[in-house]
Amino acid sequence: MQKLSGKNALITGGNSGIGLATARLFREHGASLIITGRDQASLAEARTALGEDVLAVQSDAGNLADIEQLMNVAKERCGQLDVLFVNAGMALAAPFELVAENIFDEMVAVNIKGIFFTIQKALPLLANGSSVIITTSITNQMGSPNFSVYGACKAAQRSLVKSLGLELIGRGIRVNAISPGPIATPMYGRVGLPNEVEQMVKAEIQGKSPLKRFGESEEVAKVALFLASDDSSYIVGDEIVVDGGMSLL
Ligand SMILES: NC(=O)c1ccc[n+]([C@@H]2O[C@H](COP(=O)([O-])OP(=O)(O)OC[C@H]3O[C@@H](n4cnc5c(N)ncnc54)[C@H](OP(=O)(O)O)[C@@H]3O)[C@@H](O)[C@H]2O)c1
C-alpha cells in the first residue's frame, strides 16, 4: 500500500545519503517530490534516478534568501506541502581550540539557523495534517570530541523539535526528529579528515557498534516514511533513535 499517495514532500539534502534514500522510498509510496542540495551535478543525477517529474532545486540550506526562494518555488509547484524533511546538514571535524569563527558560523548557519528558518518559511505552505521531520543525531546527547559545534547544533535541533512540536500542533502540523547513529553515507568523506584517519575512525566506530556495522540510509528512510505518514499520527515532538544501539554504550 502506498503511504504518501497524493502528498507533496520537500526533502532538503535530497541529492545524497539519507535524503536521497528517503526520496526514493517516498517516491515508491506515491509522493510528489521536491529535493534540494548545493551540488548541481548530484542534483541532476538524483532527478534522473528518481524521475523527471521530481523537482531538484539548488538551494543553500544556510542562506535565508535561498530558503525564501525555495518556498516560492514550492508554492508555485504544489501549492501546499504535506511533508517537510529538514535533512540537509554538514559536519566538520576540528579540535575545540582550532575551531575558527568562519567554520563555526558555517556550521551554525546550515545546522541550526537554516533548519529554523526552513520550517518558519515553509509554515504558510504546510497543510493541516502535515509532518515536519528533522534529521538530528545521537551526538546531541553524547559527548562528541572534535565535533563540538556539530553536536551543539544537533542538540539545538532536538530542543527545536520539542518547542515546535507543541507550538505547531494546534495548526495540525506534527514536528518530530530522527536521530541517526553512524550511517554509511558520503558524510564521512566530507568532514575534512585525511583518508587514512577517516578509515581508522570508521573502523573504530564499526568495532564499537553493538551491531558491528554502520547503518544504511535505507534503514533511516523507513523511519522517515513512518514519521511522514499517518502511521505516526499520535507522535508529536519526539525523536526516534536509529543507531543500532550505539547511544546505549
Ligand atoms: N551519516 C551519519 O552517520 C549521520 C549521523 C547522524 C546524523 N546525520 C545527519 O543526516 C543528515 C544527512 O546526512 P548524510 O549522512 O546523508 O550525509 P551526506 O550524504 O553528506 O548528505 C548531506 C546532505 O546535506 C546537503 N547539504 C549540506 N550542506 C548543505 C547546504 N549548505 N545547503 C544545501 N544542502 C546542504 C548535501 O547536499 P550537497 O551534497 O549538494 O552539498 C547533502 O545532500 C545530516 O543532517 C547529518 O547531520 C548523519
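Which residues does the UniProt annotation "domain: Ketoreductase" cover? The record, an unreviewed entry, puts that annotation on residues 7–172. I keep in mind that I am looking at a predicted model.

**Entry: the annotated span.** I checked residues 7–172 for secondary structure and got 49% helix and 18% strand.

**Entry: around the ligand.** I looked up the shell next and found 29 residues surrounding the ligand. The closest are Asn 15, Ser 16, Arg 38, Tyr 150 and Thr 185. Sorted by class, the shell holds 13 polar, 11 nonpolar and 5 charged residues. Two helices that each give at least two residues to this shell are H1 (17–28) and H5 (148–169).

Entry: Gly 181 has a backbone N or O atom 3.3 Å from an oxygen atom of the ligand. For Gly 89, a backbone N or O atom sits 3.4 Å from a ligand oxygen. At Gly 17, a polar backbone atom is 3.5 Å from an oxygen atom of the ligand. I then looked at cover: on its own the ligand has 880 Å² of accessible area, and the protein covers 98% of that.

**Entry: cysteines.** How many disulfides does a search of the whole structure find? I got 0. As a reminder to myself, a disulfide is a covalent bond between the sulfur atoms of two cysteines. Cys 153 counts as buried because its relative accessibility is 3%, under the 20% cut-off. Cys 78 has 22%, so it goes down as partly exposed.

**Entry: Val 108.** I found Val 108 in helix H4, which runs over residues 101–122. Its relative accessible area is 24%, so Val 108 is partly exposed. Val 108 and Gly 62 are 46 residues apart in sequence, yet their C-alpha atoms are 8.2 Å apart in space.

**Entry: positive phi.** Where is Asn 146? I traced Asn 146 to the loop between strand E5 (126–135) and H5. Its phi is near 75 degrees, a positive value in a residue other than glycine. Asn 146 is partly exposed, with 39% relative accessible area. Lys 212 also went into my notes, with a positive phi near 60 degrees in a non-glycine residue. Lys 212 lies in the loop between helix H6 (195–208) and helix H7 (217–228).

Methods:
Residues numbered from 1 in each chain as written. Predicted model: local features only at pLDDT ≥ 70, side-chain atom pairs only at ≥ 80, totals over all residues. Heavy atoms only, no water. Near = heavy atom within 4 Å. Polar contact = N/O pair within 3.5 Å; in protein donor to acceptor, adjacent residues only side chain to side chain. Areas by Shrake-Rupley, 256 points an atom, 1.4 Å probe, with all protein chains shown as cover. Helix = DSSP H or I, 4+ residues; strand = E, 2+ residues; numbered from the N terminus. Nonpolar A, V, L, I, M, F, W, Y, C, P; charged D, E, K, R; others polar. UniProt positions renumbered as here; feature names shortened; annotations may be inferred. Disulfide = S-S within 2.5 Å. Buried < 20%, exposed > 50% of the residue type's maximum accessible area, 1.4 Å probe, protein only.
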